[in-house]
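Hi everyone, thanks for coming.

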Amino acid sequence: MPPPQRTRRRCSLTSLKTPQALAALHARSFTSPRPWSADEFASLLCQKLVFLVTVPSGFALGRAIAGEAELLTIAVAPNARRMGAGRTLMDLFENEAIARESTESFLEVAEDNLAALSLYRGVGYRESGLRRGYYRSQSGTILDAQVFRKTIGA
Ligand SMILES: CC(C)(COP(=O)(O)OP(=O)(O)OC[C@H]1O[C@@H](n2cnc3c(N)ncnc32)[C@H](O)[C@@H]1OP(=O)(O)O)[C@@H](O)C(=O)NCCC(=O)NCCS
């Protein structure tokens, strides 16, 4: 997903992880697409259709609309990777999406993100499209995004 648009809506946040904590982990996890700010996380978390799932070492943010869920972002702390947290977060994301009556799930991933590509394929996602030139790295490199899709809750 591209960086979110900022909005000025206010709301109270009750999640275990603060927008600041989410932004800090995001900054340790992403250069391209650019990491999201605490304000951007706060704004997303205020949206009724957006949901957060967490484990001690990471989080995933999703959005469920009209039977379809989108994985907006996922990050695991660098020192806790390759220990199953990513897979657990994908399960939690999927369960929450199903609870919100989604039957399809999709996500976008940069074509060079081998860890994420492998994670998504491993939990049953399949390529369903390509968005050309979707991401731009900090050095200016243009990258395509793979779109992945999965039927859930069947
Ligand atoms: C992608 C990410 C969330 C994976 O989290 P993780 O906790 O390391 O994932 P898991 O330990 O659950 O690994 C599950 C599977 O993903 C794949 N995988 C994870 N890291 C990998 C790597 N570095 N290289 C290749 N495959 C990898 C493997 O298939 C792995 O299964 P295995 O360990 O049995 O071989 C994590 O690397 C991350 O936070 N990356 C930075 C942020 C990011 O790129 N998010 C995705 C944006 S689309």
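**Starting from the core**

Let's begin inside: the largest nonpolar core has 30 residues, and those touching the most other members are Phe41, Leu52, Val53, Phe59, Ala60, Leu89 and Phe93. At least two residues of this core come from each of helix H2 (38-45), strand S1 (50-55), strand S2 (58-65), strand S3 (68-76), helix H3 (85-99), strand S4 (104-110) and strand S6 (142-151). By nonpolar core I mean a set of buried Ala, Val, Leu, Ile, Met, Phe, Trp, Tyr and Cys residues joined through C-beta atoms within 7 Å. And buried means 20 or more other C-beta atoms within 10 Å of a residue's own, exposed means 12 or fewer, and partly exposed is in between, with C-beta atoms placed from the backbone.

Before I go on, this is a predicted model: local features need pLDDT of at least 70, side-chain atom pairs count only at pLDDT 80 or more, and totals for chains, interfaces and linings use all residues. Residues are numbered from 1 along each chain as its sequence is written.

Not counting residues up to four places away in sequence, Leu89 touches Val53, Val55, Gly58, Phe59, Ala60 and Ile74. Contact here means C-beta atoms, placed from the backbone, within 7 Å.

Now zoom out. The protein has 4 helices and 6 strands, and along the sequence they go α-α-β-β-β-α-β-α-β-β. These are DSSP runs numbered from the N terminus: helices are H or I with at least four residues, strands are E with at least two. Of the 154 residues, 29% are buried.

So how are the strands arranged? The 6 strands form an open sheet with mixed pairing, in the order S1-S2-S3-S4-S6-S5. S1 and S5 are the edge strands, each pairing on one side only. Two strands pair if DSSP finds at least two bridges between them. On average, neighbouring strands in this sheet are turned by 25° against each other, direction ignored. Angles are taken between axes, which are lines fitted to C-alpha atoms (for helices, over the stretch in contact), and run from 0 to 180 degrees between N-to-C directions.

Look at S2 and S3: they run antiparallel, joined by 8 bridges, and Ile65 has Glu68 in S3 as its bridge partner. S5 and S6 are antiparallel too, with 7 bridges. They form a hairpin with 5 residues between them, and Gly140 in the turn has a positive phi of about 100°. Tyr135 has Leu143 in S6 as its bridge partner.

How well covered is S5? Hardly: strand S5 (residues 126-136) has 11 residues, and the count of buried ones is 1.

Over in S6 we find Asp144. Asp144 is partly exposed because it has 16 other C-beta atoms within 10 Å. Asp144 and Leu130 sit 14 residues apart in sequence, yet 6.8 Å apart in space, C-alpha to C-alpha.

Last stop, the ligand. Which residues are closest to the ligand? Arg81, Gly86, Ala115, Ser118 and Leu119, out of 20 surrounding residues; near means a C-beta atom, placed from the backbone, within 6 Å. H4 gives the largest share of that shell, 6 residues. Helix H4 (residues 114-122) lies across S4 and S6, at about 160° to S4.

Conventions
Contact = placed C-beta atoms within 7 Å.
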